[in-house]
Amino acid sequence: MATISAEGEYFIIDGKRTRILSGTLHPARIARPLWADRLLAARQCGLNTVEVPALWAAIEPRPGRFDFAEQNDLASFCTIAADIGLRCILRAGPYIGDAYPLGGIPTWLLNELTGPPRSNDPSFLGPVARYFSALGEHLGKLQISTGSGRSRLRVGPICLVQAEHEWLCPEEQAGQYIEELARLLREAGFTVPIISRNMLFNSADTVLDTWGGYSSLYATVRQLRHIAPESPALVMGLRAGAENEWGKAKRSVKTPNGLLRAIAEVVAASGHVNLSPFHRGTVPAEFAGALPHAPNAFATSGGDTDAPLGEAGQRGPMYHAARMICTFVRSFERLLTDAEPDESPITVAPDAVAPRIADDDTGALRKDSTNEITSVATVTHRGSLGTVTYIFADEKQLSGNARTTLLLPDGSSLPVYLGSRSVSWVLTRAHLFNRATLDYTNLTPFMLVGACLVLVGPAGTPGLVSVNSAPLEVTVPASGDPVVEFHEGVTLVIANEEQAGTIYGGGDVVYSGVVGLTADDKPITGGSGLRINPDGTTERIRAAEASAAKLPKIQSVAVAPCDEYTSGTSARYASIPAPDTLNALGATTGYGWMRMIWSTNSAAKSDMTLFQCADRALVFGESKLVSVVGDTPGGEGHTFAVPGSKGTRTLCFLLDNMGRPSGGTSLIAPKGLFGSPSQMKKLRVPAPHLESADIFDPLVLFSPLMGVETGEVTHPKRVTFKVTHRRTTPLAIQIDGFGDRAVIFANGAAIGWHERTGNGRIILPPDILSRGINIIQFAVFEDPDTALGELKKSVTFFDLDVKPYEKASWAFARWEQPSPGAFEQLAKADVTAPKLAKYKGTPAWWRVSFSPADSMRPLYLDAKGLTKGRLYLNGHDIGRYFVATHTGKSVPPQSRYYLPECWLNSDAPNELMIFDEHGAAPNKITFMHSS
């Protein structure tokens with residue numbers, strides 16, 4: 001039986017020092033037949049570990065009913081990883097973040113909670129204990145400490161378990177919550193070390209602290225080692241990409257150079273790293289949540305997030321940047337785990353940080369100094385097996401032939417060409433194998449495969465390599481194949497940076513010009529490649545001629561309009577006493593239909609406000625779109641004009657839950673239409689001012705609060721509004737765009753907490769209001785003067801009158817796919833823009849049949865012509881799409897939608913089921929293969 005322990009800088013696995021190089025892959029976001037492909041890509045990127053988030057909401061879809069089949073079969077995922085040679089870190093939760101609704105906590109739990117989630121409240125910890133027990137039963141035998149394993153690892157793959165995720169609260173807020181979770185994990189049978197990722201907000205004696213971030217990682221890891229020298233410094237959340245949101249441009253501005261540098265900073269500081277995510281995958285609609293950084297920031301289903309491995313498994317520049325450093329670390333793991341920070345390191349030559357003097361007499365400068373990098377930092381580690389020096393440069397100074405000069409211990413200089421990379425590394429006195437020693441090289445070591453050493457440099461620059469005291473000068477090739485030199489028993493492969501992306505090592509052989517390797521180390525090439533043998537000989541390899549894959553074509557189209565729901569005549573509407581949350585009505589995700597019927601003696605138009613409505617509501621009167629209520633793209637606010645007619649009126653609402661919050665304090669925010677409509681009147685309120693008041697500890701009333709430190713109190717000056725309200729109606733407060741934290745007071749009593757997301761709507765009932773002047777205050781934490789200016793623009797007060805609609809009758813209907821018989825098959829002549837126009841404006845289901853597809857190549861759907869809705873491929877949930885508003889305005893950032901090749905039929909027609917909120921027809925959609 002193997003063991004794992006944390007000692008000093010390293011994890012000790014079965015007696016061997018180990019540096020963790022990991023990446024997050026979500027089984028729930030990857031089609032199961034593609035698991036092995038994505039895990040193999042992780043291994044070929046140089047990773048030795050993968051983090052596996054366990055999605056509680058999927059595993060326990062109903063209380064006490066556990067489902068570990070299909071996408072939830074984490075044991076199979078971990079077993080495949082082990083077969084490929086990867087260890088696993090289990091992110092057990094219960095909260096796992098990463099843009100899942102409620103952070104992965106099941107929505108059914110909202111109906112059972114008597115206290116806050118993510119706390120020691122028994123109504124939360126009870127279900128957590130039951131869930132952890134099920135996880136332990138499913139995965140316990142796959143731990144390093146308990147499993148024998150028959151994979152390449154020869155032991156169980158699970159080496160660490162993470163409890164919770166970015167719980168940014170001190171322990172006092174929830175009574176040692178993290179320690180309680182650790183206890184429950186132990187009772188469930190998890191014996192490997194337990195880690196957290198809480199940025200040191202809290203700590204527990206039984207849990208190893210880890211970090212997350214992207215910037216200043218070298219300094220951060222050194223600080224972690226200083227704070228806890230007995231524990232490995234593990235950056236569990238090196239943020240390799242950024243989630244995108246509907247209606248906004250791509251959020252991530254990260255570059256391959258930046259990712260390379262971030263990983264190298266962790267490695268240079270003797271840290272361990274997990275790229276989160278390594279591969280984001282595609283998010284099914286029910287598991288897409290709201291991002292916690294801004295109001296109404298709803299996560300897209302897929303798209304370009306700058307994760308190293310693309311949505312369809314593409315290995316692009318971000319992948320190869322990560323592979324450059326990770327493959328080096330894995331190749332030289334023994335050397336790196338043996339080496340320690342050097343007190344007498346190799347350093348940058350003083351001449352390299354200033355223009356060199358050409359003439360000692362006159363002080364004239366040398367003309368060839370123009371490409372010298374003048375701002376670099378070096379970090380050196382030295383051990384019995386060799387020395388590694390990392391060189392960090394100012395990216396702004398880089399050019400194709402940028403260089404610096406290192407001063408070796410004997411006083412000799414080594415010019416190092418950095419090219420376009422902001423970080424490089426060199427090895428000196430490095431033991432390679434047998435009696436082969438690399439004395440020095442100015443090229444970047446990439447991989448060591450058997451007797452083959454791959455070195456990388458900028459194209460066309462001079463390379464220096466010395467093995468066993470025998471120097472060799474080479475030139476990095478600008479094009480064609482890498483240079484291969486058999487030197488002192490070592491096969492040197494000299495490649496430029498572009499060529500490095502096509503070089504893979506399998507067994508004791510190196511391949512160049514390939515796009516990857518199969519699971520049994522066979523090369524995959526789209527054209528001509530090169531096999532480089534351990535003795536320095538080479539062989540040309542060529543791919544079999546592949547026939548050009550034909551793109552599928554639409555064969556037939558059928559439509560099922562939702563007229564019975566928009567008119568309110570559907571027999572599926574069931575009476576309810578009053579509007580309520582979608583969750584309470586049994587629609588925990590997605591859409592729901594609601595109908596309102598009331599009578600009026602006036603034929604005049606009137607305004608209606610859905611103040612208690614989230615996230616979107618499409619309002620229909622007599623089957624015609626009246627308004628899109630909400631603050632998302634295409635939304636028209638929360639007030640709209642009701643068509644006038646005397647007598648009985650009917651409105652129908654398509655309520656859209658676009659995803660519950662995935663982080664922050666307000667996880668349990670209601671969805672749908674959960675309060676009576678009203679007529680709203682804006683109140684004239686004097687400009688706010690600052691008033692002195694007692695400081696206030698928000699943890700007295702609200703706990704846990706994410707990001708609030710113990711002892712953190714509000715500022716003694718509060719932003720104060722004086723609101724005159726003489727009626728017996730509720731008072732509404734609307735907050736738009738205020739991006740700070742605040743405790744909200746009404747007439748001296750704390751009534752609410754405002755998140756950094758800057759969005760909020762609060763209703764104050766008459767029983768807490770005064771007939772006359774009411775004092776509404778915002779107590780912020782830092783700068784009340786700035787808050788005063790922002791709140792003056794952000795806060796609006798309204799009087800809400802619900803009487804015109806208080807006698808309305810209500811009904812609810814579930815949103816679901818129509819039966820096959822509900823579809824009308826359209827003739828080809830009817831699939832034209834003019835004839836399809838009659839369906840536009842109200843929701844409709846479309847069933848599209850398209851020709852057999854190449855099941856070996858990733859396929860994308862270009863959703864041109866559609867608006868917003870849901871996609872299903874041959875019965876599989878592809879997720880939400882949102883490409884245009886009801887007026888036709890384009891909605892960024894995602895227009896292409898990945899159709900996993902494993903879900904395509906190659907020998908039979910395929911079926912695409914489309915629900916479009918505005919009835920847009922699929923006559924303009926097209927298909928394309930991944931580049």
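Trainee: What are the ground rules here?
Mentor: The model is predicted, so local features need pLDDT of at least 70 and side-chain atom pairs count only at pLDDT 80 or more, while totals for chains, interfaces and linings use all residues. Residues are numbered from 1 along each chain as its sequence is written, and side-chain values use heavy atoms, with hydrogens and water left out.

Trainee: How many salt bridges does the structure hold?
Mentor: There are 34 salt bridges. The term means a side-chain nitrogen of Lys or Arg within 4 Å of a carboxyl oxygen of Asp or Glu.

Trainee: Which residue forms a salt bridge with E187?
Mentor: R183 does, with the closest N and O atoms 2.5 Å apart. Both residues belong to helix α5 (residues 177-187) and are four residues apart, about one turn of the helix. Helices (H or I, at least four residues) and strands (E, at least two) are DSSP runs, numbered from the N terminus.

Trainee: Is E187 buried or exposed?
Mentor: E187 is exposed, at 56% relative accessible area, and R183 is partly exposed at 36%. Buried means under 20% relative accessible area, exposed over 50%, and partly exposed in between (1.4 Å probe, protein chains only).

Trainee: Where do E265 and R261 lie?
Mentor: Both are in helix α7 (residues 256-268), four residues apart, about one turn of the helix. E265 is buried at 13%, whereas R261 is partly exposed at 25%.

Trainee: What about D631 and R761?
Mentor: Their side chains form a salt bridge too, at 3.5 Å from N to O. This pair links distant parts of the chain, 130 residues apart: D631 is in the loop between β39 (624-630) and β40 (639-642), and R761 is in strand β49 (residues 759-764). D631 is partly exposed at 36%, and R761 is partly exposed at 27%.

Trainee: Which residues are joined into one network?
Mentor: R616, D656, K868 and E917, through salt bridges that share partners. The charged end of K868 also sits over the ring of F882, 5.5 Å from its centre. For that, NZ of Lys or CZ of Arg has to be within 6 Å of the ring centre and within 35 degrees of the ring normal. R29 lies over the face of Y100, 4.2 Å from the ring centre.

Trainee: Back to α5. Which of its residues are buried?
Mentor: Y177, I178, L181, A182, L184 and L185. Seen down the axis of α5, they fall within an arc of 160°, so they line one face of the helix. The arc is that of the directions from the helix axis to the C-beta atoms.

Trainee: What covers them?
Mentor: The cover includes β6 (87-93), α4 (122-139), β7 (158-163), β8 (194-195) and β9 (207-208), where contact means heavy atoms within 4.5 Å. After α5 comes G189, with a positive phi near 105°.

Trainee: New topic. How many aromatic pairs are there?
Mentor: The count is 30. Rings of Phe, Tyr and Trp (its six-membered ring) pair if their centres lie within 6.5 Å; planes under 30 degrees apart count as stacked, over 60 as edge-to-face and the rest as tilted.

Trainee: How are the rings of W753 and F781 arranged?
Mentor: Their centres are 5.9 Å apart and their planes are at 75°, so the pair is edge-to-face. W753 is in strand β48 (residues 749-754) and F781 in the loop between β50 (772-779) and α12 (784-794), so the pair ties together parts 28 residues apart in sequence. W753 is buried at 14%, as is F781 at 10%.

Trainee: And Y860 with Y898?
Mentor: That aromatic pair is tilted, 5.7 Å centre to centre with 45° between the planes. Both residues are buried.

Trainee: Last one, backbone. Which peptide bond near P94 is cis?
Mentor: The bond from G93 to P94, with omega near 15°; P94 is in the loop between β6 and α4. The bond from S276 to P277 is also cis, with omega near 0°, and P277 is in strand β12 (residues 272-279).
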